[in-house]
Amino acid sequence: GSSKQREALVGVEPRDAVERLKDGLAQLAPQAASRNVVVLLEPLAPHLCNVIHTLDEAVAIVREVRSPGLQTILDSHNTAAEKQSLDELIGRHLPHIRHVHLNEMDGRRPGAGKFPFAAMLASLARRGYRGWLSVEVFDLEPDGETVARQSLEYLRGVASDR
């Protein structure tokens, strides 16, 4: 869900909110798996939410729940709290990454800033990632069609440079 839906409420310690989230996911994941659905736990940047900021934290929950109905997502926009390089993150957590969102740290389209998409795509390709890649943007100026076209052109360009 959105960052505010997952945030620890006033008066609740973030660690307690994480435990509640983990308990809820442990109940949900087997039901999701029985229907061939995978719930993706997304780490969010600290300015967006006060729980689960890194892939390490998300994957720890995925491993504790131990269900094919729960995995994680790598979102370039939400890597602000990561201490490891993208290559290290992908190398450590690829078995649990089921989807990748591509956007700049400020939410604009890929290529409108300085995020190292070429390195990210190269690392994913080198490790055999075959899941979904999607562009998730929060700025559709000048319009959605132009942003989509520019994103695709940019990503094809950096992917072909490898």
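Buried means under 20% relative accessible area, exposed means over 50%, and partly exposed is in between (1.4 Å probe, protein chains only). All the views below come from a predicted model, where local features need pLDDT of at least 70 and side-chain atom pairs count only at pLDDT 80 or more, while totals for chains, interfaces and linings use all residues. Residues are numbered from 1 along each chain as its sequence is written, and side-chain values use heavy atoms, with hydrogens and water left out.

**View A. Lys-22 and its two salt bridges.** A salt bridge here is a side-chain nitrogen of Lys or Arg within 4 Å of a carboxyl oxygen of Asp or Glu. The structure holds seven of these, and Lys-22 takes part in a bridge with Glu-64, with the closest N and O atoms 2.8 Å apart. That pair ties together distant parts of the chain, since Lys-22 sits in helix H2 and Glu-64 in helix H3, 42 residues apart. (Helices are DSSP runs of H or I with at least four residues, strands are runs of E with at least two, and both are numbered from the N terminus.) Is Glu-64 buried or exposed? At 51% relative accessibility, Glu-64 counts as exposed. Lys-22 also bridges to Glu-19, and there the closest N and O atoms are 3.0 Å apart. Lys-22 and Glu-19 share helix H2 (residues 14-34), three residues apart, which is about one turn of the helix. Lys-22 is buried, at 11% relative accessible area, whereas Glu-19 is partly exposed, at 39%. Put together, Glu-19, Lys-22 and Glu-64 form a network of salt bridges. As a general point, side chains of opposite charge can pair when their charged atoms come close.

**View B. Helices H3 and H4 side by side.** Helix H3 (residues 55-65) and helix H4 (residues 86-93) pack at an angle of about 5°, and their axes are 11 Å apart. Axes are lines fitted to C-alpha atoms, for helices over the stretch in contact, and angles run from 0 to 180 degrees between N-to-C directions. H3 and H4 are therefore roughly parallel to each other (angles under 35 degrees count as roughly parallel, over 145 as roughly antiparallel, 65 to 115 as roughly perpendicular and the rest as oblique). Which residues make the contact? From H3 come Leu-55, Asp-56, Val-59 and Arg-63, and from H4 come Leu-89, Arg-92 and His-93, where contact means heavy atoms within 4.5 Å. These residues divide into three nonpolar, one polar and three charged. (Ala, Val, Leu, Ile, Met, Phe, Trp, Tyr, Cys and Pro count as nonpolar, Asp, Glu, Lys and Arg as charged, and the others, Gly among them, as polar.)

View C. Asp-56 forms a salt bridge with Arg-92, and the closest N and O atoms are 3.5 Å apart. Here too the pair links distant parts of the chain: Asp-56 in helix H3 and Arg-92 in helix H4, 36 residues apart. Asp-56 is partly exposed at 29% relative accessibility, and Arg-92 is partly exposed at 46%.

**View D. Val-59, tucked into helix H3.** Val-59 lies in helix H3 and is buried, with a relative accessible area of 1%. Not counting residues up to four places away in sequence, Val-59 touches Thr-72, His-93 and His-96. The C-alpha atoms of Val-59 and Leu-70 are separated by 9.6 Å, and the two are 11 residues apart along the chain.

**View E. The largest nonpolar core.** A nonpolar core is a set of buried Ala, Val, Leu, Ile, Met, Phe, Trp, Tyr and Cys residues joined through side-chain atoms within 4.5 Å. Of the 17 residues in the largest one, Leu-74, Val-100, Leu-102, Phe-117, Met-120 and Leu-124 touch the most other members. Two or more residues each come from H4, strand S3 (97-102), helix H5 (117-126) and helix H6 (144-160), and H5 gives the largest share, four residues. Leaving aside neighbours within four places in sequence, Leu-124 is in contact with Ile-90, Leu-94, Val-100, Tyr-129 and Leu-133. A second, separate core has 15 residues, including Ala-17, Leu-25, Val-51 and Ala-58.

**View F. Two asparagines in loops.** Asn-78 is in the loop between strand S2 (70-75) and H4, and at 4% relative accessibility Asn-78 counts as buried. Asn-36, in the loop between H2 and strand S1 (39-41), counts as exposed at 73%.
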